[in-house]
Amino acid sequence: MLAAGVVAGLLPLVHAHSFIVVMGVGACLALINWSRWREWLAFFVVASVISIPQLLWSTHGSAVSTRAFIGWEFGWDSGNANFFWFWFKNTGLFIPLLVAALLWKTDDYLVPRKLLFFFLPFTFCFIVPNMIKLAPWIWDNVKVLFYWWIASAPIVALLLARLWEGRAWHRTLAGGLLLVLTLAGALDIFALITNQGEYQEFDRDGVTFAEMIKQQTPPSTTILHAPIHNTPVFLTGRRSLMGYPGHIWTHGIDFGQREADIKKIYSGAPDAASLLGKYGVDYVVIDPQERSVMTVSQDFFSSYPEVVKIGEYHLYKIKP
């Protein structure tokens, strides 16, 4: 339990939603297994000692808006669809089989009492995300829902195993159910391994441009580029003034003012030079991506020295 506390305590900076799940489910299991309270106390003390400094550090002076994370939203990402139909479309027979496994009883229940009490806290990982938005992007509730599935899958597998032990038609039924439960995932994997969908992140010039940036700039350099997801700057290890807005938004960070200022700089607005100084920009990238998403004033940047040029990729040095 001490080792488990160490691992749980390291989660806040790795995956905050997983930390919440582990601590929440752990609290429920501690109440259920109250006779072992000393072991659970050791777990929570160690996890808290390691995690609290991380939480304080990550939230102090942060641009993250906590109000963007929590809100009532029934049915997860179902929108206006019927709640039950939405979950049946997305999980097929998984939930009906889970319920059947929990209720199955011949001489005794299929799911033993001890396993049932272990599973029950994980049902909150299904209930809560279907009631409350836990991230700015409602889809990210899957980060909690996934733990409900992790705990439920072995119980459904137990039901299939019990059917397989029965008569011939029971085995046929078990095989058919296994196929239905795994076919959607199998089709996804098949599409990946057969390369049916390929997307280019970086072209050859972009990769070469990134290598030249690493050669020509110090590691602590701050580089301005278009706020997109696949700029070559991300291959350099250098600091970016702003990344992709869609990704930033999912973390609850207010990026509106910075995005507006970036557009001013590239357009060569009267206060462009002062904005470069305000944000401590060392270099600016101009390539086809910048021109495709915003207005770029070549006249403004022509006053700065060009230090790297690869095809249509240009790097300008701002600070002398």
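User: Which residue in β7 does Val284 stand opposite?

Analyst: This is a predicted model, in which local features need pLDDT of at least 70 and side-chain atom pairs count only at pLDDT 80 or more, while totals for chains, interfaces and linings use all residues. Residues are numbered from 1 along each chain as its sequence is written, and side-chain values use heavy atoms, with hydrogens and water left out. Strands β5 (residues 283-286) and β7 (residues 313-317) run antiparallel and are joined by four bridges, where a strand is a DSSP run of E with at least two residues and a helix a run of H or I with at least four, both numbered from the N terminus. Ile286 stands opposite His314 in β7, and the residue opposite Val284 is Tyr316.

User: Which residue in β5 is the bridge partner of Ile223?

Analyst: Strands β3 and β5 pair in the parallel sense over two bridges, and two strands count as paired if DSSP finds at least two bridges between them. In β5, the partner of Ile223 is Tyr283.

User: Which strands stand at the edges of the sheet?

Analyst: The open sheet has five strands with mixed pairing, in the order β4-β3-β5-β7-β6. Each edge strand has a single partner, so one side of it is left without a neighbour in the sheet, and these strands are β4 (239-240) and β6 (306-310).

User: Which residues of β5 are buried on each side?

Analyst: In a regular strand, side chains alternate between the two faces of the sheet. Both faces of β5 are covered, and buried here means under 20% relative accessible area, with exposed over 50% and partly exposed in between, using a 1.4 Å probe and protein chains only. One side holds Tyr283 and Val285, and the other holds Val284 and Ile286.

User: Where in α3 does a kink lie?

Analyst: Helix α3 (residues 37-59) has 23 residues and reaches 31 Å from its first C-alpha to its last, close to the 33 Å expected, a span found as 1.5 Å times one less than the number of residues. The bend at a residue is the angle between axes fitted to the seven residues ending there and the seven starting there. A kink of about 30° lies shortly before the proline Pro53, at Ser51.
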